[in-house]
Amino acid sequence: AGAGYTWTIGTLVVSRPIFQTRFLTYVTTYVGFSADPNATFRYKIDKNTVTVWITVAGWGTSNTTGFTITIPLVASSLADQTSTGIMDGKDGGSFINDIFANFGSASLAIATLYKISASTWTNTGDKGVRGKFTYIID
């Protein structure tokens, strides 16, 4: 993305988006699948937050017990930031409704997806998420 503005006030340098965008799209990179989900990723920047909407047209096939996606803008350097907004989806072919995203545990450019009810994902069957989440950017 790269939507931002930098200005200097004395010794203070401010570099961040200072507006709200329209809905934009991006292509994510998945980790945790032998066949990736067929999903549309849209996002909107509102000052120092990014909200991502995920719409699924087809679930992916899991091949590991982890699940990460790339995000459109790097998350804030706050340690282990957790998203607002709970998503639902599928794990091992079963519907679940308690998924959230964490940023910074792997990289500030990656969202690690977790289930509240269990520590790991099933490494076979349908897997994916849908819904929205919001995170802070610097």
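Is Asp91 buried or exposed? Asp91 is buried, at a relative accessible area of 6%. By buried I mean under 20% relative accessible area, with exposed being over 50% and partly exposed in between, using a 1.4 Å probe and protein chains only.

Okay, some background. This is a predicted model, where local features need pLDDT of at least 70, side-chain atom pairs count only at pLDDT 80 or more, and totals for chains, interfaces and linings use all residues. Residues are numbered from 1 along each chain as its sequence is written, and side-chain values use heavy atoms, with hydrogens and water left out.

The pLDDT is the predictor's confidence in each residue, from 0 to 100. Its mean for the protein chain is 85, and 84% of the residues reach 70 or more. Strand E1 (residues 5-9) has the lowest mean of the elements, 57, while strand E5 (residues 33-35) has the highest, 98.

As for the fold, we've got 14 strands and zero helices. Of the 138 residues, 37% are buried.

Now, salt bridges: a side-chain nitrogen of Lys or Arg within 4 Å of a carboxyl oxygen of Asp or Glu. The whole structure has four. One of them joins our Asp91 to Lys115, closest N and O atoms 2.5 Å apart. Asp91 sits in strand E11 and Lys115 in strand E13, so the pair ties together parts 24 residues apart in sequence. Lys115 is buried as well, at 11% relative accessibility.

Another bridge pairs Asp126 with Lys90, at 3.5 Å between the closest N and O atoms. Here strand E14 holds Asp126 and strand E11 holds Lys90, so parts 36 residues apart get tied together. Lys90 is buried at 12%, whereas Asp126 is partly exposed at 30%.

And then there's Asp98, in strand E12 (residues 94-103). Asp98 is buried but has no salt bridge; the nearest side chain of opposite charge is Lys115, 6.8 Å away. For charge, Lys and Arg count as positive, Asp and Glu as negative, and His and the chain ends aren't counted. What does the side chain of Asp98 reach at 2.9 Å? That would be the backbone nitrogen of Ser117.

Last one: Ile116, in the loop between strands E13 (110-115) and E14 (126-136). Ile116 is exposed, with a relative accessible area of 55%.

How values were computed. Helices (H or I, at least four residues) and strands (E, at least two) are DSSP runs, numbered from the N terminus. A polar contact is a pair of N or O atoms within 3.5 Å; within protein, one must be able to donate a hydrogen and the other to accept it, and residues adjacent in sequence count only if both atoms are side-chain atoms.
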